[in-house]
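Me: I'm new to this structure, so please pick out one part and look at it closely. After that, walk me through whatever else you can.

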Amino acid sequence: MTVRVRFAPSPTGYLHVGGARTALFNWLFARHEEGVFLLRIEDTDRARSSPEMTQIILDGLEWLGVTIDEGPVFQADGVERHREEAFALLDRGAAYRCFCTSEDLRSRREEAERTGSGFGYDGRCGDLSVVESEARAAAEEPFALRVRVPNEAIGWEDLIHGPMSFPAGAVDDFIVLRSDGTPVYNLAVVSDDRESRITHVIRGDDHISNTPKQIVIYRALESSIPIFAHVPLILGPDAKRLSKRHGAMSVLEYQEQGFLAQGVINFLALLGWSPGDDRELFGADELVSVFEIGRVLKKSAVFDLEKLEWLNGQHIANSPASVLAPDVIRELRARAVDEGLSLSKTHPTLETSGDRLAEILDLVKNRPRTIPALAGQVSPFFAATIDYESSAVDRFWTEPKAASNALRDLGSVFDQLDEWSLESLEIVTRALAERLGVGAGRLINPLRVALMGQGVSPGIFEVVVAMGRDRVKERIIAATGFLDAKAVEG
């Protein structure tokens with residue numbers, strides 16, 4: 001049997017974290033089992049569905065690298081088939097016409113509430129004779145179609161939760177075709193899954209209540225029943241259902257905020273799934289090789305934005321410069337445009353310095369957790385001018401005159417160097433600190449702010465070597481000018 005799974009979003013909203021994880025689990029399962037991953041767009045809610053939302057879902061899956069084997073297919077295209085199968089249930093005696101109006105049902109529900117008894121459809125129209133039912137239909141009396149639910153427990157073996165069962169009487173006879181001729185969700189899903197030969201249905205826990213109804217329909221149509229796996233929901237840190245206030249966004253917003261696709265995939269996979277050991281860092285191919293649906297946890301996962309950022313930082317650190325460079329250039333170009341400038345004005349040599357950019361990326365990529373943060377570390381090496389972070393100025397340039405003198409002294413000893421290397425730069429810097437009777441940090445920290453505009457950076461001597469003799473000299477001159485003016489201001 002070839003494994004066939006599907007991801008079936010509704011194009012009424014963006015592809016959010018929960019949906020993206022469901023898609024990922026389906027895709028990983030299909031790839032691990034060498035099966036087929038199908039995308040179905042459940043667009044029967046015409047008023048709220050839109051082609052634009054469908055495209056956003058497709059774009060999100062493409063960015064994540066969740067490749068589609070078949071589809072997208074559209075649920076609305078199968079409406080006639082859905083109706084045919086509803087009437088096939090009627091012909092088999094597995095469904096019946098229900099002539100109860102919405103007013104009838106509302107009245108009975110209100111009465112049940114007044115008496116404190118639970119409301120459930122009592123099956124009265126199921127007791128109508130075939131002759132009466134057909135006569136009323138022939139007289140054009142509106143009717144819906146209801147499935148007869150057997151008076152027995154309905155159970156299945158869930159790949160995640162194990163044996164699950166709804167007791168006899170827990171599910172009322174339910175509608176599969178409305179009086180206006182439109183099919184209901186549970187019928188459409190079963191019909192579409194049968195049409196697509198879906199073998200495994202992997203979806204959220206919020207669909208558990210739909211499963212017994214769908215099993216009834218499968219049995220009534222004398223069809224094989226797929227294997228179900230219900231994935232627990234994702235919760236926020238406050239143990240409430242995940243929402244935007246917890247940091248949950250469209251997956252494309254994560255792309256815009258500078259997360260790597262492999263970082264997001266890694267994070268989503270670990271939201272409620274474990275490989276069975278202590279590993280946390282995975283590429284997509286590694287996830288495919290180790291993914292087992294039975295290792296999805298039964299309890300809800302908790303969304304942890306800090307964990308996402310950490311994982312993303314690890315993937316940035318492990319990515320080759322050739323992968324990171326286009327994203328960094330794109331980020332710095334966007335910043336230039338925001339300032340009404342071009343990248344060639346703000347970072348004149350960036351796009352023509354491929355090897356040097358790769359060298360600098362390898363130098364700075366271990367600390368940042370997002371592409372904007374990485375771009376912020378790369379920027380000073382290529383920027384025409386830099387701004388000094390106020391926090392860095394307040395911390396390391398508290399005495400402007402002393403900081404200016406320290407930078408001038410460093411500039412002087414750097415000018416005398418024949419060899420521009422890590423070893424020679426460190427030797428002369430520490431020798432100067434000893435001659436001045438201060439700790440090396442009293443020179444290194446002001447220098448870091450002068451070169452990078454920031455209070456943190458990779459090793460300062462690696463920075464000096466990568467920045468180059470001429471650029472270091474320019475930055476020291478600019479910094480001393482800034483500090484001298486600050487000293488005059490008092």
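**Cysteines, then the pocket and the cores**

Reply: C125 counts as buried because its relative accessibility is 9% (buried is under 20% relative accessible area, exposed over 50%, partly exposed in between, with a 1.4 Å probe and protein chains only). Before going on, a word on the source: this is a predicted model, where local features need pLDDT of at least 70, side-chain atom pairs count only at pLDDT 80 or more, and totals for chains, interfaces and linings use all residues. Residues are numbered from 1 along each chain as its sequence is written, and side-chain values use heavy atoms, leaving out hydrogens and water.

Back to the cysteines. C98 is buried too, at 3% relative accessibility. Its sulfur sits 3.8 Å from the closest cysteine sulfur, that of C100, so the gap is too far for a bond. A disulfide here is a pair of cysteine sulfur atoms within 2.5 Å, and the count by that rule is zero. C125 is in no disulfide either, its nearest cysteine sulfur being the one in C100, 3.6 Å away.

Next, the largest pocket. A pocket is an open set of points on a 1 Å grid over the protein atoms alone, where a 1.4 Å probe fits, with protein on both sides within 12 Å along at least five of seven lines; lining residues have an atom within 4 Å of a point. There are 48 residues in this lining, with A8, P9, S10, D206 and H207 nearest the centre. By type, the lining splits into 20 nonpolar, 15 polar and 13 charged residues (Ala, Val, Leu, Ile, Met, Phe, Trp, Tyr, Cys and Pro are nonpolar; Asp, Glu, Lys and Arg are charged; the others, Gly among them, are polar). Helix α1 gives the most, six residues (helices are DSSP runs of H or I, at least four residues, numbered from the N terminus).

Last, the cores: sets of buried Ala, Val, Leu, Ile, Met, Phe, Trp, Tyr and Cys residues joined through side-chain atoms within 4.5 Å. The largest has 56 residues, and L361, F381, W397, F414, L447 and L451 touch the most other members. Helix α19, residues 441–452, supplies the largest share, seven residues. A second, separate core of 51 residues includes L15, V66, I160 and Y254.

Methods
Helix = DSSP H or I, 4+ residues; strand = E, 2+ residues; numbered from the N terminus.
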